[in-house]
Amino acid sequence: MGHPDTSIKYDGTRDTADSPTSKGHSLGTQRDDAELTAEIQEWLDSLDYVLGDGGPDKVRRILEELQIHAFEKGVRFPFSANTPYINSIHETEQEPYPGNREIEHRLKSIIRWNAMAMVVRANRHHDGIGGHISTYASSATLLEVGFNHFFRAPSNGHDGDMVYFQGHASPGIYARAFMEGRLTEQQLENFRLETGGNGLSSYPHPWLMPGFWQFPTVSMGLTSIQAIYQARFNRYLEDRGLKEPSDAKVWAFMGDGETDEPESLGAITLPSREGLDNLIFVINCNLQRLDGPVRGNGKIIQELEAAFRGAGWNVIKVIWGSDWDPLLNKDDDNLLIRRMGEAVDGEYQKYSVESGDYIRKHFFGAYEPLKELVEHYSDQELQRLNRGGHDPVKVYNAYKRAVEHRGSPTVILAKTIKGYGLGESGEGKNISHQQKKLNEEELTAFRNRFGIPISDTEVADAPFYKPPEDSPVTQYLHEKREKLGGYLPVRKSTVEPIPMPEDQVFAETLAGSDGRAVSSTMAFVRLLAKLLRDPGIGDLIVPIVPDEARTFGMEALFRQAGIYSHAGQVYEPVDRENLLYYKEARDGQILEEGITEAGAMASFIAAGTAYANHGVNTIPMYIYYSMFGFQRIGDLVWAAADQRCKGFMIGGTAGRTTLNGEGLQHQDGHSHVLAMTVPNLLCYDPAFAYEIAIIVREGLRRMYVEQEDIFYYLTVENENYEMPPMNAGVEEGVLRGMYKFRPATNPDGKHRAHLFGSGSILNEALQAQVLLSEQFGIDADVWSVTSHKELRRDGLEVDRWNRLHPDAEQQTTWIQQQLVDEPGVFVAASDYMKLLPDSIAQWFPRKLYSLGTDGFGRSDTREALRDHFEIDARFIAYTTLTALVDQGELDPGVLPDAIKQLNINPDKPDPVKA
């Protein structure tokens, strides 16, 4: 609420300076003010003359020169990235609405009803099933204008627009699809009841509705970053000649409260830097979060305008509906605009639930001239003054301006009321987000407000309503969508299988390193270089790296594949004389994302879903510091899984002891544990180059030939050691998760053991094999465990099948098949938490002894770190001895001597607590 003695700055904030009418203001000052006012008027008259004579460009040039001149003379202006709190598009700039307003209003009202009825009915039948009414209620006009006039579906003549729908608005999207005949009444009845096979998912989930939803958007904050990198990837495909150039847009609908998430605004400089005018954000500013106001004491629209304008976006504000235009036209002294800028969002939220009399007193009553401005308005007319996001004319003109804009992305900030249309049951109230139930009186009020033809006897049941197919409303709906190419949302996959690379592409990697010590990271990078040269799939590979290419030895690919830049390379790089200089190119293949794992993962998702979104089988290979994968951007990995994404995530410098110098926040000992949570992600921790080749080849076959909806996570390390050639017959074991790498020299020895290692720790198991044989007379087999997750998946599947088929011949797990006739004890070690081998222990014939790197990492040599975490060859050998003692095969007296013999400090700190 404002006060007459408070002046308002251009950006709508309050100025604490005394007003000219305050007590003690001198007569001389008043005379000075009068002279200043006259001078200002002269300047304004001159500006009007220049505007009329030379137009806006001439005015802008003069103002720029004046500002520069003033700055040179020492005049400093307070910075503001804001424009006044009014619509960006003036009434006189508007174009006529092209649709039938009456029919569209009718259509929107029916969809509102069915969306509400779907949630209400679901919660009557199954209390607590949930659902959201208020988000769609506030965004119905924003969506319907888009559906009727802008959102293009993929068709023979057009790629179609990509629309990221606001997740909580899903009931409205379902209600429209019901009107279109794409969903049945039974499906609406089964909202959030999916396990029976004929229901609707709570939110946009491509995994659950693969023919309907394109993008999962309800993990708030992820819509923005995914849409940004999707728009950039669309340009990438065009610049590389993988698809024809298109004017298709990427639309991202979000809520204003959602912008609190760091991912929402964290990447907004990229699209302006890249000139992505194919990107349009629509932020539904209903001023409310789940619990209360977004910015009760401030103005979220002004805050977002400043952020986006500062980042270089084209900002279009849609704040006031057409009912405000006559008042603004009469606002000659800009007092109404001043008052609009003065009121804070908490007050606007209050106005949306109060009477016209309240609005007259508390909004217009702040200044006497404003009170006089609306004295001929009734209380009902004041209460009906609408917000821009509910006005189709205002929304249409904003959208049209956005799609025609060139050179930068556009954000539309549309002011709405949360729960619009719900009346006393929740409109504009803090509880509206959680609103799921309406009583008979509230349903009747809703029906009456939107004119739904349902009788008084039926209304209490909240029945669905669908007009006849030959009705004007239904025909109009189909005609509009037909002109725009078809129905949305829709997800289609029409790609053909890729040709598999020839065997020679993998031959060198399968053959090992010929006595040379190399890291598994370098083995992968060399394989990647060969795949990039493959004539069948080379152009389809999308290497992605977040500013760590040189760390991973990928700089040779700069020249081979180039770094993608829509602008090309307009500068001469400092290392231009070097063979491996930093080469940017418009048709570059590598996405060098900078220091942003979230952005890189968003690019991975865009590339990994291109088979469905573009009909192009791009193959993302995203290599990054493993520590900054699942731990940092696990939510995006989950979104990738939901979208049926394909590709290879490569966790480089993996393991808690192989990255020896980096310390606690770089050393990954748990990414494989976190990866366990993603159902369609296959995870491998290969030790040798040939294992990598086998896994990558199989991944290409399953994802891009068989077209399975899976993706891969591989960890590779920077520790150099000799890569052996592949032995015959190991492929199945590598892929299923475990195989015998080196048998014991004496398989018939008195005491037997089996040592299981993964990644670079397999080498420690091999050294332990020698220690046990030479110093203790224990014969041990060494097994390479390439995937704990695949072994666990297999175990769970077999257990389930056996449990549900008690009368059939019982199946056995891969672990059981491999170990059924193997005597001895079992000891497993990895560079990850003990939880990893523990996850498969239940399928071993006898107890599995697990060693791992539980606790915080630290900087030191690999030898010291492996001693600290107790996973080196000495501890593997000693644990084997303790296991044999436990099994009664050795006398306990051997253990004290073994501790001394192996130089183990029994009193060293527990690594978990250290």
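Me: Which residues form a negative surface patch?
Reply: The model is a predicted one. In it, Asp32, Glu35, Glu39, Glu42, Asp45 and Asp48 together form a negative surface patch.

Me: Where is Asp32 found?
Reply: Asp32 belongs to helix 1, which covers residues 27-72.

Me: And why does Asp32 count as partly exposed?
Reply: Its relative accessibility is 47%.

Me: Changing topic to strand 21: is it mostly covered or open?
Reply: Strand 21, residues 825-829, is mostly covered, with five of its five residues buried.

Me: Which way do the residues of strand 21 point?
Reply: Val825, Val827 and Ala829 point one way, whereas Phe826 and Ala828 point the other way; all are buried.

Me: What about strand 19, in which sense does it pair with strand 21?
Reply: Strand 19 (residues 752-757) pairs with strand 21 in the parallel sense, over five bridges. Within that pairing, Val827 of strand 21 has Leu755 opposite.

Me: How many bridges link strand 21 and strand 22?
Reply: There are four bridges, and the pairing is again described as parallel; strand 22 comprises residues 848-851.

Me: Which residues in strand 22 are the partners of Val827 and Ala829?
Reply: Val827 has Tyr849 as its bridge partner, and Ala829 has Leu851.

Me: Are the residues of strand 22 buried or exposed?
Reply: All are buried: Leu848 and Ser850 point one way from strand 22, and Tyr849 and Leu851 point the other way.

Technical notes
Residues numbered from 1 in each chain as written. Predicted model: local features only at pLDDT ≥ 70, side-chain atom pairs only at ≥ 80, totals over all residues. Heavy atoms only, no water. Patch = residues over 30% accessible without salt bridge, like charges linked within 9 Å, V, L, I, M, F, W, Y side chains within 5 Å. Areas by Shrake-Rupley, 256 points an atom, 1.4 Å probe, with all protein chains shown as cover. Salt bridge = Lys/Arg side-chain N within 4 Å of Asp/Glu carboxyl O. Lys, Arg positive; Asp, Glu negative; His and termini not counted. Charge placed at Lys NZ, Arg CZ, Asp CG, Glu CD. Helix = DSSP H or I, 4+ residues; strand = E, 2+ residues; numbered from the N terminus. Buried < 20%, exposed > 50% of the residue type's maximum accessible area, 1.4 Å probe, protein only. Pairing = 2+ DSSP bridges.
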